[in-house]
Each structure stands twice: as C-alpha cells, then as structure tokens.
Amino acid sequence: MEVCKAVHAAEDMELVAAVDKDDPIESLTKAEVVVDFTHPDVVMGNLEWCIRHGLHTVVGTTGFDAARLERVRGWLAENPGVNCLICPNFGIGAVLMMHFARLAAKYFPSVEIVELHHPNKADAPSGTARRTAELIAEARAKAGLGPSPDATTAELDGARGATVEGVRVHAVRLSGLVAHQEVLFGGEGETLTIRHDTLNRASFTPGVLLGIRRVRELPGLTVGLEHLLDL
Ligand SMILES: NC(=O)C1=CN([C@@H]2O[C@H](COP(=O)(O)OP(=O)(O)OC[C@H]3O[C@@H](n4cnc5c(N)ncnc54)[C@H](OP(=O)(O)O)[C@@H]3O)[C@@H](O)[C@H]2O)C=CC1
Ligand SMILES: O=C(O)C1=N[C@H](C(=O)O)C[C@H](O)C1
C-alpha cells in the first residue's frame, strides 16, 4: 500500500497495476518493473512468473536463503536481459546499520543480533537479521575470527536464539513494535551496540523508488540496496 502510494506520487513513474492475493497476475504484464511485497510462501512463484514474462523485479519480501537465490539466478540465466533486485531492507538507516556492523565485525570476538518486530510477521529471524549475520560472518571469516566465546552447556530449546552462519540471532515479536534491530559486539572491557529503528512503513519507500529507477541497469540478480548507495 505504501509502495503504491509512493509510486503514484512519483513524477517519473506510473502505477499501471496493483495485484493483491486473488487478483489476476496477468495485469502485471503492463508494467516495466514489478515490486513484490507479499509473503515468503508465495514470492518464489511470483518471481518465476515475472522473470519468465520478461519483467524486471524489485523485491522486498523476505525468506530468501542461498538455495532460493540460486533458483532465482537460474530463472534469470534462462531469461537474459531480465533483472531482479532483492533487498532484505529498503530503509536507508537499516542498510547503513548493516554496513556499519560489517565494518565493526573484525574488531570484536563476540557478536549477537537481536531483531524486534510487530507480531504479524511471518518469518523469523527477519530478512534483515539474516543478511546482517551473513555480512558479519563473512567479515569475521576474512579476519580469521572463530566462533564467539560461549560456555553454555545446558540450555532450554531456543534460549540462545537461532544460529545464522555461526552468528546468534534472537527474534522478539511484540505488539506496538514496527521493525527494529540491535547488533551487539563485545570485546575486552567494552561493548558496541548498533541499533536501527523503523518508526513507520513510509521509511521503506525512498529505497524502493531508488530500486525501481535503477533495476534496469543492474544485470541479473542483485541482493541488497547497498549496491545502489555510494557507501
Ligand atoms: N525489504 C523491506 O524493506 C521490507 C520487507 N518487508 C517484507 O515484505 C513482506 C510483506 O510484508 P508486509 O507488507 O508487512 O505484509 P502485509 O501482510 O502487510 O502485506 C502483504 C500483502 O501481500 C498480499 N499477498 C499475499 N499473497 C499474495 C499473492 N500471492 N499475490 C499478491 N499479493 C499477495 C497480502 O494479502 P492478504 O492480506 O490478503 O494476505 C497483503 O496485502 C514480508 O516478507 C516482510 O518481511 C516488509 C517491510 C519492509
Ligand atoms: O516484516 C517486516 O515488517 C519487515 N521485514 C523485513 C525483514 O524481515 O527484515 C524488513 C523490515 O525489518 C520490516
């Protein structure tokens, strides 16, 4: 809804179709770029359909892992000239939070992520938390860091969160929240916390509009809005 409003208000764009769950997907063929904010259970079907119909896609829907991304790459390879931009988070502040976390990662032996969202969210951990963990894990591996120190030998199921690429991720679902994340780093006698708060859904729209404007020039699959920012 926020995306439709933003596209409608943008002077250089025309909203040619808005497809909800039970609407015919065929009306999307009128578009040059399709934006998907739906559900992790249906996004793959939507993407395959769009790519096979020659439509560029800008994707906010989460739930992507390496296997899903590989399938998208496969469809794109079969349809050269069609591009897809998948962004776990379109908020500029969130992209910066991930960037700063990646930069900090090599300096701290300990790291954990806490993501907090509204209770209507389908997937846990969030796409942003997954991506942050992947970026941190990459930086730690490059710096030769092993696992974060942790002496836990007895635990209730889930008490230490999920492990994404070796990084512990804790997911909170709470009424009143929108989307928030803290990346906690720990070292000798100090900690560093990087926190981002999404206060409303309009915050995602500048990033989505940027993606729509630029996806045509990004060949194949691009993951992350950071590729469009001069970081
Ligand atoms: N990358 C980013 O910056 C952001 C990503 N997200 C992600 O986007 C996804 C959607 O989140 P959110 O907008 O909060 O969810 P909402 O439930 O508010 O909106 C999703 C919409 O998609 C509709 N829908 C479901 N299935 C289909 C389908 N097959 N075809 C067309 N429409 C469909 C839903 O209809 P109905 O209500 O009838 O089920 C609903 O209107 C999630 O994965 C979320 O994590 C969210 C915000 C920012
Ligand atoms: O479901 C949401 O609301 C959000 N989903 C994305 C995610 O899973 O990271 C982005 C943002 O956190 C809002």
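**Figure 1. Right-handed crossing of helix 1 and helix 6.** The crossing of helix 1 and helix 6 is right-handed in this predicted model. Helix 1 spans residues 2-9 and helix 6 spans residues 205-214; the two pack at an angle of about 60°, with their axes 10 Å apart. Helix 1 and helix 6 are therefore oblique to each other. On the side of helix 1, the contact is made by Glu2, Val3, Ala6 and Val7, and on the side of helix 6 by Thr205, Val208, Leu209 and Ile212. By class, the residues of this contact between helix 1 and helix 6 comprise six nonpolar, one polar and one charged.

**Figure 2. Packing of helix 2 against helix 3.** Helix 2 (residues 43-52) packs with helix 3 (residues 66-78) at an angle of about 15°, and their axes are 9 Å apart. Because angles under 35 degrees count as roughly parallel, helix 2 is roughly parallel to helix 3. The crossing in which helix 2 passes helix 3 is right-handed. Helix 2 contributes Val43, Met44, Leu47, Glu48, Ile51 and Arg52, which meet Arg68, Arg71, Val72, Trp75, Leu76 and Glu78 of helix 3. Seven nonpolar and five charged residues form the contact of helix 2 with helix 3, and no polar residue takes part.

**Figure 3. Packing of helix 4 against helix 5.** The axes of helix 4 (residues 92-104) and helix 5 come within 8 Å of each other and cross at roughly 25°. Helix 4 is therefore roughly parallel to helix 5. Their crossing is right-handed. Met97, Met98, Ala101 and Arg102 of helix 4 make the contact with Thr128, Arg131, Thr132, Leu135, Ile136 and Ala139 of helix 5. The contact of helix 4 with helix 5 divides into six nonpolar, two polar and two charged residues.

**Figure 4. The second largest pocket, with helix 4 and helix 5 in its lining.** The second largest pocket holds about 360 Å³ of space. Its lining consists of 15 residues, and those nearest the centre of the pocket are Arg102, Leu103, Leu135, Glu138 and Ala139. Helix 4 and helix 5 are the elements that give two or more residues to this lining. Seven nonpolar, two polar and six charged residues line the second largest pocket.

**Figure 5. The largest cavity and its lining.** The model contains one cavity of 30 Å³ or more. The volume of the largest cavity is about 150 Å³. This cavity is lined by 14 residues, of which Phe64, Pro88, Gly127, Arg131 and Val223 are the closest to its centre. Helix 5, covering residues 127-142, gives the most to the lining of the largest cavity, with four residues. The lining of the largest cavity is made up of six nonpolar, four polar and four charged residues.

**Figure 6. The cis peptide bond between alanine 124 and proline 125.** Alanine 124 is joined to proline 125 by a cis peptide bond, with omega about -5°. Proline 125 is placed in the loop between strand 4 (110-117) and helix 5.

**Figure 7. Positive phi at glutamate 165.** Although glutamate 165 is not a glycine, it has a positive phi of about 50°. The loop that holds glutamate 165 lies between strand 5 (162-164) and strand 6 (167-173).

Notes. Residues are numbered from 1 along each chain as its sequence is written. Chains are lettered from A and ligands numbered from 1 in the order in which they are written. This is a predicted model: local features need pLDDT of at least 70, side-chain atom pairs count only at pLDDT 80 or more; totals for chains, interfaces and linings use all residues. Side-chain values use heavy atoms; hydrogens and water are left out. Axes are lines fitted to C-alpha atoms, for helices over the stretch in contact, and angles run from 0 to 180 degrees between N-to-C directions. Angles under 35 degrees count as roughly parallel, over 145 as roughly antiparallel, 65 to 115 as roughly perpendicular and the rest as oblique. A crossing is left-handed if the near helix is turned anticlockwise from the far one by less than a right angle, and right-handed if clockwise. Contact means heavy atoms within 4.5 Å. Ala, Val, Leu, Ile, Met, Phe, Trp, Tyr, Cys and Pro count as nonpolar, Asp, Glu, Lys and Arg as charged, and the others, Gly among them, as polar. On a 1 Å grid over the protein atoms alone, a cavity is a set of points where a 1.4 Å probe fits but cannot get out, and a pocket is an open set with protein on both sides within 12 Å along at least five of seven lines; lining residues have an atom within 4 Å of a point. Grid points are joined across faces, edges and corners, and a volume is the space filled by probe spheres set on the points.
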